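Visitor: I have a new structure to look at, and I would like a quick tour. Can you walk me through it?

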Amino acid sequence: MSRDTSFYYSFLVLPPQKRSAIVAVWDFCRAVDDAVDEVAPGADREARAAAQLETWRVELETCYATAGPVPRTPQGKALQSHIREFNLSRRPFDDLIDGVAMDLTCARYPTFDALAEYCRRVASTVGLVCVEIFGYRDPRARDYAVNLGMALQLTNIIRDVATDLERGRIYVPADDLIRFGVTEEALVKGVVTPQIRALLAFECARARDYYRRAAACLPPADARSLVAAEIMGGIYFEILERIERAGYDVFRERIRVPRPYRALIALRIWATSLLL
């Protein structure tokens, strides 16, 4: 895993076995996502991406098989070695693949409810896997994972408006575009008009609400166990705040948190957890 990923510093606080399992999950999920996002352009791009997704469905099947073929990829082999150890349910991985497959057939979302289903599949599912590895006693930890996953994915969507446009996708719900008088053509121009600023401020407020929901669901008894997730949330929340401080200009450059500042966020949240 690259140190450039926002998740890198959150995983450092984990003991070696849990870190190995989380990295295996992250690598598998990343490979599934890349099966669609990293396919070379061409007339048959969607067919090739669909075929690659199908290979990951088969790979997942072998990861959970008790007999027969074994995983063929490094990601599948690494994941399989942790499935039984942490009793990882297959359902979230199936839901993830279904969510990534939505990018092959859906490039626009009419309402937030429609978008939320996508977010739950591609992000909250990963959170549900991760909390099983982190460990918890209070079942509210699962609600925490779902809401934090939503918050992280919504932050991604806001930050990556320009990148997604290049791929022909707009994740901002169409009814929000209409509400704030923003057209697709205006987004393509990449100029932060008052209408676009108001739209993105609204989307940031929605993401903030999910961060608040996650915080409200975080069980005090499990706060220390879930510190890695809290670091993820802290780094992504900083991305959200930097978008706001930039006047919602997500077009000129991809807004990031510099590596040293990510390390400081991780250190602060980890140190705080020791006092719990």
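**Pockets, cavities and rings**

Guide: Helix 7 gives the largest share of the lining of the largest pocket, with nine residues. Keep in mind that this is a predicted model.

Visitor: What volume does the largest pocket have?

Guide: The largest pocket has a volume of about 1200 Å³. It is lined by 48 residues, and the closest to its centre are F7, R30, D33, N156 and Y236.

Visitor: Which elements give two or more residues to that lining?

Guide: They are helix 2, helix 5, helix 6 (112–134), helix 7 (140–159), helix 8 (161–166) and helix 12 (227–245).

Visitor: And how do the residues of that lining divide by class?

Guide: The lining of the largest pocket has 25 nonpolar, eight polar and 15 charged residues.

Visitor: What about its span?

Guide: At 1.5 Å a residue, helix 7 should span 28 Å. Its end C-alpha atoms are 29 Å apart, which agrees.

Visitor: Next, the second largest pocket. What lines it?

Guide: The second largest pocket has a volume of about 230 Å³. Its lining has 14 residues, with E230, G233, G234, F237 and R268 the closest to its centre.

Visitor: New topic: cavities. How many are there of 30 Å³ or more?

Guide: There are two cavities of that volume. The largest cavity holds about 50 Å³ of space.

Visitor: Which residues line the largest cavity?

Guide: I157, V161, D164, L165, R169, I170, Y171, V172 and L187. Helix 8 gives the most to this lining, with three residues. Seven residues of the lining are nonpolar, none are polar and two are charged.

Visitor: And what lines the second largest cavity?

Guide: The second largest cavity has a volume of about 40 Å³. Its lining is L115, L154, I157, I158, V172, P173 and E203. Helix 7 brings the largest share, three residues. Six residues of this lining are nonpolar and one is charged.

Visitor: Let's switch to rings. How many aromatic pairs does the structure hold?

Guide: It holds 10 aromatic pairs. Take F28 and W56: their ring centres are 5.4 Å apart and their planes are at 85°, so the pair is edge-to-face.

Visitor: Where do F28 and W56 lie?

Guide: F28 lies in helix 2 (residues 16–37) and W56 in helix 3 (residues 45–64), so the pair ties together parts 28 residues apart in sequence. Both F28 and W56 are buried.

Visitor: What about F28 and F93?

Guide: F28 and F93 form an edge-to-face pair, at 5.9 Å centre to centre and 85° between the planes. F93 lies in helix 5 (residues 91–105) and F28 in helix 2, so this pair ties together parts 65 residues apart in sequence. F93 is buried, as is F28.

Visitor: Last one. Where does the charged end of R213 sit?

Guide: Over the ring of Y210, 4.3 Å from its centre. R206 lies over the face of F112, at 4.0 Å from the ring centre.

How values were computed: Residues are numbered from 1 along each chain as its sequence is written. This is a predicted model: local features need pLDDT of at least 70, side-chain atom pairs count only at pLDDT 80 or more; totals for chains, interfaces and linings use all residues. Side-chain values use heavy atoms; hydrogens and water are left out. Rings of Phe, Tyr and Trp (its six-membered ring) pair if their centres lie within 6.5 Å; planes under 30 degrees apart count as stacked, over 60 as edge-to-face and the rest as tilted. Helices (H or I, at least four residues) and strands (E, at least two) are DSSP runs, numbered from the N terminus. Buried means under 20% relative accessible area, exposed over 50%, partly exposed in between (1.4 Å probe, protein chains only). A charge sits over a ring if NZ of Lys or CZ of Arg is within 6 Å of the ring centre and within 35 degrees of the ring normal. On a 1 Å grid over the protein atoms alone, a cavity is a set of points where a 1.4 Å probe fits but cannot get out, and a pocket is an open set with protein on both sides within 12 Å along at least five of seven lines; lining residues have an atom within 4 Å of a point. Grid points are joined across faces, edges and corners, and a volume is the space filled by probe spheres set on the points. Ala, Val, Leu, Ile, Met, Phe, Trp, Tyr, Cys and Pro count as nonpolar, Asp, Glu, Lys and Arg as charged, and the others, Gly among them, as polar. The expected span of a helix is 1.5 Å times one less than its number of residues.
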